[in-house]
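The stops below proceed from one selection to the next.

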Amino acid sequence: MKLLSARSAGVVFVGLLTMGSYSAAMAAGHEHDHEHDDHGHDHEHAHGHDHDEDIHAGYFDNDQVEDRQLSDWEGDWQSVYPYLQDGTLDAVFAHKVEHGDKTAEEYKTYYEEGYRTGVNRIVIDGDQVTFHEGNEAHAGEYAYDGYEILTYDAGNRGVRYIFERKGGDEDAPQYFQFSDHAISPTDADHYHIYMGDDRDALLEEVVNWPTYYPSDLSGEEVAEEMMAH
């Protein structure tokens, strides 16, 4: 996996080659509702598709990437991990079998690692983000810290939008990074998030990507949304 650092101020790119297994690169490549092999086409072929589909699949030019504000993710969000655990998402994994190369059980095992998290709910209101874990809640005030463009082994790419804690509860993550398949301002309908205290280490995380959908959706509605993509 190659990491291209793209800071909004001046947009300076720095190439960094990192080590990683093929399975880890595959996890990063789909970020994260699509498998790498679902998008095995090359860049030329991808551009024959709808422009928005190209971006969603990870094919875009650097100058298309724009800064985004925390308001793009504002709202009350629920983790999908409990729905994997209670079997609600089994229909999603069965659906993936129709277009993939794994069994439903193999897909479930793969996403179990991807979706795993103890943070069952995230509430974003203005610059305040509250992380709910069990009966505990930790809130912090966050400021935008630019974006990073990740280039994957298959040739497609993704953008991480990064926010840093500037105040609030010290038990809240120092950093979190959004990935939602978009590369310019838009309201997210779901997202993957990376949370922790080391900005650079989070950029290396490609196996675990907790995923969140609006809290007012039922488990069945979340499954329907996933299968519609």
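A contact, as the term is used in this tour, means heavy atoms within 4.5 Å. The model is a predicted one, in which local features need pLDDT of at least 70 and side-chain atom pairs count only at pLDDT 80 or more, while totals for chains, interfaces and linings use all residues. Residues are numbered from 1 along each chain as its sequence is written, and side-chain values use heavy atoms, with hydrogens and water left out.

**The whole chain.** Colour the chain by secondary structure: there are eight helices and 10 strands. These elements are DSSP runs numbered from the N terminus, helices being H or I of at least four residues and strands E of at least two. Of the 229 residues, 48% are buried. Buried denotes under 20% relative accessible area, exposed over 50%, and partly exposed the range in between (1.4 Å probe, protein chains only).

**Methionine 195.** Select this residue in strand S9 (residues 191–196). Methionine 195 counts as partly exposed because its relative accessible area is 24%. Display its surroundings: beyond the neighbours within four places in sequence, methionine 195 contacts Thr117, Val119, Ile122, Phe131, Pro173, Tyr175, Phe176, Leu202, Pro210 and Tyr212. Valine 119 lies 76 residues away in sequence, with a C-alpha to C-alpha distance of 9.9 Å from methionine 195.

**Aspartate 180 and arginine 68.** Next, select this pair, whose side chains form a salt bridge at 2.9 Å, N to O. The term requires a side-chain nitrogen of Lys or Arg within 4 Å of a carboxyl oxygen of Asp or Glu. Aspartate 180 is in the loop between strand S8 (175–179) and S9, and arginine 68 in the loop between helix H3 (51–57) and strand S3 (75–79), so the pair ties together parts 112 residues apart in sequence. Both aspartate 180 and arginine 68 are buried.

**Lysine 108 and aspartate 90.** Move to another salt bridge, in which the closest N and O atoms of lysine 108 and aspartate 90 are 3.1 Å apart. Lysine 108 belongs to helix H6 (residues 104–115) and aspartate 90 to helix H5 (residues 90–97). Lysine 108 is partly exposed at 22% relative accessibility, as is aspartate 90 at 35%.

**Aspartate 101 and lysine 102.** Finally, select the salt bridge between these side chains, at 3.9 Å, N to O. Is aspartate 101 buried or exposed? Aspartate 101 is exposed, with a relative accessible area of 54%, whereas lysine 102 is buried at 18%.
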